[in-house]
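Please open the model in a viewer and follow the selections below in order.

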Amino acid sequence: MSKPDTHHEPLIRITKNVGMPMWKAWLVRIAAVVIALVVCAGFIVILTRINPFEFYKVMIRGNFGTKRKIWSMLQNLAMMLCVALALTPAYKMRFWNIGAEGQVLMGAAATTFLMIHLGNSLNPWILIPLMAIVSMICSAVWAVIPAIFKAYFNTNETLFTLMMNYVATQFVAFLITFWEGQKGSNTVGIINGTTQGGWLPTIGGQKYLFNILIVFALTVFMYIYLKYSKHGYEISVVGESENTARYIGINVKKVIIRTVALSGAICGIAGLLLVAGSGHTISTETAGGRGFTAIMVSWLAKFNPLVMILTSFIVVFFERGASEIATAFGLNVKMADILTGIILFFIIGSEFFINYKVHFRSRHTEGGNK
Amino acid sequence: MDKKVSAIELKGISKKFGEKYANKNIDLTVYKGEILSILGENGSGKTTLMNMISGIYFPDAGKIFIDGKEVTIRSPKDAFDYKIGMIHQHFKLISVFSAAENIVLGIKKKGKYDLKKEIVKIQEICDKYGFIIDLNKKIYEMSVSEKQTVEIVKVLYRGADILILDEPTAVLTPQETQKLFHVMRLMKEDGKAIIIITHKLNEVMEISDRVSILRKGEYVGTVNTDETDMTALTAMMVGKKISLNIERSEAKGTEDVLFVENLSCVNREGVKVVDNFSFTAKAGEILGIAGIAGSGQKELLEAIAGLQKLEEGKIIYKNLKTGKEENLRNKTPLQIRNLGIRLSFVPEDRLGMGLVANMNITDNIMLRSYSRGKSLFLQRKEPKTLAEKIINDLEVVTPSTETPVRRLSGGNVQKVLVGREISSAPKVLMVAYPVRGLDINSSYLIYNLLNKQKENGASVIFVGEDLDVLIELCDRIIVMCAGKLSGIVDARTAKKEEIGLMMTGTGGKNNE
């Protein structure tokens with residue numbers, strides 16, 4: 001055991017940063033995005049020798065270039081936001097639902113079923129609400145299965161919901177064999193392409209507007225629900241401390257199941273919007289990884305539904321921009337993934353600098369010691 | 001003790017958390033072969049200061065000298081290298097390991113690992129200072145006092161010359177405390193420098209040679225113990241003179257309100273923690289419950305509050321106005337409340353059970369009442385008014401009602417909790433360790449609040465650890481030992497030693 005013979009301050013010290021003002025926190029976040037773009041530019045130049053400003057121009061064009069692209073971006077934003085909103089109540093309760101992918105698929109499957117079997121016979125005024133209800137129920141049931149096990153047997157919900165994704169994917173793959181357009185094609189194709197039976201209505205000629213409005217309404221609902229309703233309060237209490245919840249007489253099991261059912265039901269809405277509101281078809285890829293990306297969107301917004309609009313936009317903007325780049329410059333699609341990865345790394349990393357202060361050894365105190 | 005050699009010396013130590021000074025310009029010297037008490041109210045920066053010596057925090061300014069040489073302590077490992085050992089309030093032991101395994105854990109030595117050889121060495125240390133402990137016993141089989149012994153032996157085995165004990169007596173019986181003090185005196189004679197943090201003034205007077213006092217992060221002064229007394233120390237600590245008397249009124253009511261009959265319950269592991277326990281609580285009295293920590297007090301209170309399933313027994317609540325009796329057995333807290341029974345409970349784990357740490361004061365005050373009414377939405381106006389009233393009446397120090405309770409100091413957290421629980425004018429008020437970790441001012445404020453509840457005719461059940469307080473505050477004291485009733489004594493005539501013996505099951509009258 002040798003004594004350290006120097007008496008320097010440590011080179012780097014990390015202390016907790018309490019109460020950073022809002023504007024400063026946002027400044028850090030914006031700085032993180034700027035630095036991320038600079039680092040991306042470096043990567044772009046090294047790997048492709050293309051002018052990074054061209055890159056970013058294309059990125060913006062990919063999102064805002066044409067009217068069609070703007071609507072398509074908004075649709076993607078709405079879908080991402082919808083799944084993030086679905087996860088939020090569960091996450092506020094510290095129920096780590098990572099099964100949104102499967103829950104969305106179950107809702108999508110229910111919607112498809114009704115579109116195929118009743119799409120051309122039922123009045124849309126009855127059919128569409130019916131589709132909404134059935135898909136919400138299907139997704140809610142899918143989500144509630146792990147919740148019941150969690151509530152009664154305290155099983156690990158992370159593993160359980162994750163595994164339910166694979167079951168859902170396989171189940172949809174199985175259903176597709178019944179629904180496939182041409183035998184053996186393994187794809188469903190556009191459902192009711194000619195009659196548009198069961199398609200969600202277009203508003204003012206915009207086929208995505210309906211989806212966007214629904215998700216917007218959901219955002220407002222979720223904000224109020226979490227902040228001002230008794231249910232929202234119970235979710236917070238159970239999430240913070242189950243002991244406290246029991247102590248004041250909250251039925252913890254009931255709150256867990258109710259909240260996860262709500263989480264699943266909103267996934268069902270996402271499934272409905274994806275099938276009946278935009279794709280008009282189903283595949284095992286219908287959820288498109290949103291069930292996982294939405295976890296990050298929800299976390300980055302600190303579970304605040306209004307902030308989630310912004311975090312969804314950031315994620316969607318970079319995703320779409322990056323894939324536009326891949327096509328515009330004839331690069332491998334993985335290039336887009338690299339860029340998205342770098343950008344998210346910086347955005348998430350910036351939270352560290354908001355919550356902690358880093359001190360470097362200062363020169364003058366060292367001089368003072370001698 | 002003629003020639004004083006400083007073991008550790010602090011000069012101008014400061015530490016800021018955010019904008020607030022936790023320690024400001026502190027000077028402190030500890031000599032070899034002495035016991036120094038550090039005295040201060042909660043939030044006065046005692047633990048922060050000790051954490052800087054033991055390498056957990058790094059000071060923002062100031063110098064530390066060990067054996068006269070300036071040093072920098074960057075990590076707990078550095079602290080070990082300088083032979084500083086800290087015994088924390090919360091033990092840091094691995095429960096499935098034996099005492100000896102815990103003691104040798106983390107020490108890097110060249111050559112083959114030979115536990116037997118090390119046990120011999122550890123035993124030598126134990127014999128030297130008079131520790132009595134079975135080194136092969138597993139931690140989970142140990143009592144709190146035994147675990148503490150392991151912690152102390154651990155730092156001695158690592159060669160510590162400077163020992164810091166953070167509130168070591170908080171969890172001990174009077175007998176165990178005496179044993180600890182005996183060991184401390186032996187260590188002192190051996191030339192070790194010992195720093196002890198404690199709230200209990202009588203212990204400060206008994207064990208220490210000198211006392212250093214901190215107040216609000218600043219250094220007030222150091223006095224020799226034999227030249228001071230408890231009143232003077234309190235005045236230095238609080239900054240003003242306060243009286244240390246609990247005004248106990250005569251118990252007025254004699255009517256029984258709560259009957260606990262043959263109550264038994266098991267914990268999660270299936271171990272019987274409360275065993276065939278019976279007592280009655282009267283309106284208008286404070287009924288104390290004494291016992292070593294973990295003797296079943298927690299489960300007993302939780303069973304009455306409807307949080308713990310009963311294996312056997314009855315809990316009868318009698319409404320004194322109507323004479324109606326209700327069995328509370330296996331009723332949930334909500335069902336009890338819906339019966340119109342005003343039963344309040346201040347649990348031991350304030351932030352983990354009584355309150356929600358991340359919620360603000362208003363939302364915490366609302367916990368009991370939020371579900372009232374048919375509306376789907378929360379009503380925050382009334383709770384906010386109540387929160388303001390509690391802040392005002394109990395002098396809670398907080399920036400606003402919107403501050404998360406985790407940002408408040410321990411005493412203020414407790415005031416919020418107690419304030420909420422007594423705001424419903426309870427008929428039965430159960431409190432578990434309500435002054436644990438609280439400073440003198442806050443403690444006496446809580447005692448007075450309990451007394452006021454008693455005068456209002458509430459039946460107060462008080463689980464405490466400080467026997468002096470129990471004897472001074474309560475009317476009757478129930479003594480628990482390993483889940484069983486050891487006896488019931490009259491607090492006005494009871495002797496501390498007698499209760500201490502009953503707590504360990506070696507004495508007592510009403511033994512069954």
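A salt bridge is defined here as a side-chain nitrogen of Lys or Arg within 4 Å of a carboxyl oxygen of Asp or Glu. This is a predicted model, in which local features need pLDDT of at least 70 and side-chain atom pairs count only at pLDDT 80 or more, while totals for chains, interfaces and linings use all residues. Residues are numbered from 1 along each chain as its sequence is written, chains are lettered from A and ligands numbered from 1 in the order in which they are written, and side-chain values use heavy atoms, with hydrogens and water left out.

Select chains A and B together. Between them, the count of salt bridges is zero, whereas 20 residue pairs are in polar contact, both residues being at pLDDT 80 or more. A polar contact is a pair of N or O atoms within 3.5 Å; within protein, one must be able to donate a hydrogen and the other to accept it, and residues adjacent in sequence count only if both atoms are side-chain atoms.

Next, select the contacting residues (heavy atoms within 4.5 Å): 32 residues come from chain A and 44 residues from chain B. The two chains bury about 3300 Å² between them, with 56% of it on carbon and sulfur atoms; buried area is the accessible area (1.4 Å probe) lost on putting two parts together, summed over both. Highlight A:K230, A:Y233 and A:Y247, which supply 27% of the area that chain A buries against chain B, more than any other three residues.

The C-alpha trace of chain B spans about 75 × 50 × 45 Å along its principal axes.

Colour chain B by domain, with bounds from an automatic or database domain assignment: domain 1 (6–238), domain 2 (251–342 + 426–512) and domain 3 (357–424). The C-alpha centres of domain 1 and domain 3 of chain B lie 37 Å apart.

Finally, zoom to helix α4 (residues 115–129) of chain B, where B:E118 and B:K121 lie three residues apart, about one turn of the helix. Their side chains meet in a salt bridge (3.9 Å, N to O). Over all chains, the whole structure holds 34 salt bridges.

Conventions. Helix = DSSP H or I, 4+ residues; strand = E, 2+ residues; numbered from the N terminus.
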